[in-house]
Amino acid sequence: MSAATAAPAAGVRTDARISPRAHLRHTGALVRRNLLWIRQDPESMFDAVLFPVVFTLLFVYVFGGSIGQSLGGGQDAYVQYIVPGLMAMMGMNMAQGVGTGFNQDFNTGVMDRFRSLPIGRGSVLFAKISVEMVRMLIATAILMVVGVLVGFDITNWPGLFAAVGLSAVFGSALMWVFLTLGVVMKNAQSVQAMGFLVLMPLQFGSSIFAPPQSMPGWLQNFTEYNPLSALADSARGLMVGGPVAHDLWMVLAWSVGITAVMAPVAIHKFRTKT
Amino acid sequence: MTVRGLVKHYGDTKALDGVDLDVAEGTVRGVLGPNGAGKTTLVRILSTLLAPTAGHATVAGYDVVRQPRQLRRVIGLTGQYASVDEKLSGWENLYLIGRLLDLPRKEARRRADELLERFSLTEAARRPVGTYSGGMRRRLDLAASMIGRPAVLYLDEPTTGLDPRTRNEVWDEVKRLVGDGVTVLLTTQYMEEAEQLASELTVVDRGKVIASGGIEELKAKVGGRTLRVRPADPLQLRPLAAALDELGVTGLAGTTVDAERGAVLVPVLSDEQLTAVVGAVTARGVTLNSVTTELPSLDEVFLSLTGHRASSPQDPLPATTSEEAVAV
C-alpha cells in the first residue's frame, strides 16, 4: 500500500511526537482504568486495608509484651517500636503491587493492546504507580489510626510525613526489582511468591519487628547491612525521635543503588519482551 | 503493505525465515499455517510489538521499525494476545482506548456507544468483560480495534476456540469491516476461514512462505472442494459412482466411494462442476439423502502443497463441512 492512499480517517492525528499534555491525558485515562479495577473488584483493596490492621494487632498483642521487655518497657514500648517498622514496609507493598499489576497486564494481553496504541510506554507505568501510591497512602493512614488506637504517640508530624516519604522512596527503588519480576515471571502468583521469598527473610532479618541485640552474631551482622534495618531505624528516628542521619543516608544510597542497577534491567526486559 | 525478507530469530529458533508478503489496499490477505508456523510473530512485527531480526516492512506507507508511532495511529489489532481488560465493562474498554487514541472525551464516548451498537453489545455495555461469552468478547475485541478507524486491521486467529455459531457471527462482522474498505491481514489455521474471508492467501510453514496467490488459484492447486453425495438407496452407490466418474468433471483426485457412510466423493474445482454433478444425478433420477461439500483441511492443504503434513500436530479442526441441504 502506498503512503498516498493510506490517508487516515479524519480526526486521527498522524504526527510522531507525543506532547507532554498528551502524556498526561494518557496517564489520566489509565489511572481511571486502574481506579475502575478497584471499584469492580473491591477485594483488591483488602491487602491495603487489612495488612496494617492485622500486622499491628498481631505484633503488638502477640509479641509486644515479650519484645517490649527487651526494649526496657512493655507492650507500650513495643508499640512505639513496631509502628514505624510497619510504616517502613508500606513502600515495599506498593512495589509488589506495581509488579504484580504489570504482570497481569502482560498475561491478559492488555499490555499488547496498549503497546500497539500510539502512547508513550511510560504512561502505563506512571498510571500504575500513581494508583499504588494512593493505595499506599490509604494503608498508611489506616496504620496510623490503628497505631494510635493501640497506644502509638504521634509526637512529630513532619517526621511522620518524612517517614512516609522515605518508605515511598525506597519502595520506588524496589519497584524496579518487582517490575523485572513482573515482566519475566509467568503469572501474578509467581511474582507474589517470589517477592515473598525474597522480602520475607529480609524483613524478618532486620530491625523492623524486633531489635537485633538478642539475635545470634551472624544474624546481627546481616541485619546491620540489611537496608530494611536502616529504613526501619530511620523511620523510627523520624517518628519517635533518635538518631536519623546515618540510616537516612544509607536508605537513600541503597535506593539510588538499586535503581541504578535494576531500572536498566527492567527497561531492557520490557523492551525485549516477546 | 509490503513485507520483504522478514526474519525473526529467537536464539536458534527461526520463527520467521525470510517472509515476503504484499497486501493491496482494501483487500483481505489470509495467512494460513499450523501452530508455530510464525503467523503470530509476523503480526506482532507488523503491529510494532516486536522488532524483526532482519528484513523490512512498510504498512500504510510507514516503516514498522523506523516509524512505529505513526504506524500505531493507523492500525487495529485483534488477536489471541492483544486483548481487552476483563475487569472493565465493555463501554469502559472502548472509552479508554478512544482516550488513548487522543479522541476528545465527548467523541470517545460517542464512538464507544456507536461501536457497541454496531457490534450488538449495547445491552452488555456496562457489564464487566469477564462475564462476556466467547463470541461477545471477540466482538468487543473487534470493536476495540476499530475505535481509531484504522486503515489496516490485523486479525490474529480471530475465531480459534469459538464454536461454529459464534464463529459465523465473527465472520459476519469481519465481512462488514471489509465492506468498509479496511485492509485486513488475517491469520488462521482453517482453510474454511480463509475461504470465507480472504481474497488472497499465503500459506506459511516453519517461518517460510510455501505458497501464495489468489484463493481460487490455491484451492485449485489443492483440489478445491469435495462433494459428498449420499443416495437414498445404498444399492445405487456404485452405479452412481461409475456414472459420475464418467462425467469427467473431477478434480485432481478421482471419484471415490465411501461405502461405510454410503456416499460418493467427487472432488470439484468450481461451482460449475458442482452443478454439473448435481445435474447428472438428477438426470439419472437418483434420489439423494444429502449432498454436502467439504473443504480440504489444513493437513490436506499441506499435503498437496508440500508433500508433507503440517509440521506441528494440532487439535482436531472444527468441522470443515458446510451443509448445503440439497433436496433432490
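What percentage of the 328 residues of chain B count as buried? The figure is 50%. A residue is buried if 20 or more other C-beta atoms lie within 10 Å of its own, exposed if 12 or fewer, and partly exposed in between, with C-beta atoms placed from the backbone.

This is a predicted model, in which local features need pLDDT of at least 70, side-chain atom pairs count only at pLDDT 80 or more, and totals for chains, interfaces and linings use all residues. Residues are numbered from 1 along each chain as its sequence is written, while chains are lettered from A and ligands numbered from 1 in the order in which they are written.

**Chain B overall**

Chain B has 11 helices and 15 strands. Both are DSSP runs, numbered from the N terminus: helices are H or I with at least four residues, strands are E with at least two.

**Paired strands**

Two strands pair if DSSP finds at least two bridges between them. Strand S4 of chain B takes part in both pairings below.

| Strands of chain B | Sense | Bridges | Opposite residues |
|---|---|---|---|
| S1 (residues 2–10) and S4 (residues 54–59) | antiparallel | four | B:Thr2 and B:Thr58 |
| S4 (residues 54–59) and S5 (residues 62–63) | antiparallel | two | B:Val59 and B:Tyr62 |

S4(B) and S5(B) form a hairpin with two residues between the strands. There, B:Ala60 takes a positive phi near 50°.

**Helix H6 of chain B**

H6(B) covers residues 164–179, 16 residues in total. From first C-alpha to last it reaches 22 Å, close to the expected 22 Å. That expected span is 1.5 Å times one less than the number of residues. Its buried residues are B:Arg167, B:Val170, B:Glu173, B:Val174 and B:Leu177. The face turned away from the buried side carries exposed residues, B:Pro164, B:Arg165, B:Asp172, B:Lys175 and B:Gly179. Just after H6(B), B:Gly181 takes a positive phi of about 95°.

**A buried loop residue**

B:Leu121 sits in the loop between helix H4 (105–118) and helix H5 (134–146) of chain B. B:Leu121 counts as buried because it has 21 C-beta neighbours inside 10 Å. Leaving aside residues up to four places away in sequence, B:Leu121 touches B:Gly90, B:Leu116, B:Met136, B:Arg139, B:Leu140 and B:Ala143. Contact requires C-beta atoms, placed from the backbone, to lie within 7 Å.

Note on methods
Contact = placed C-beta atoms within 7 Å.
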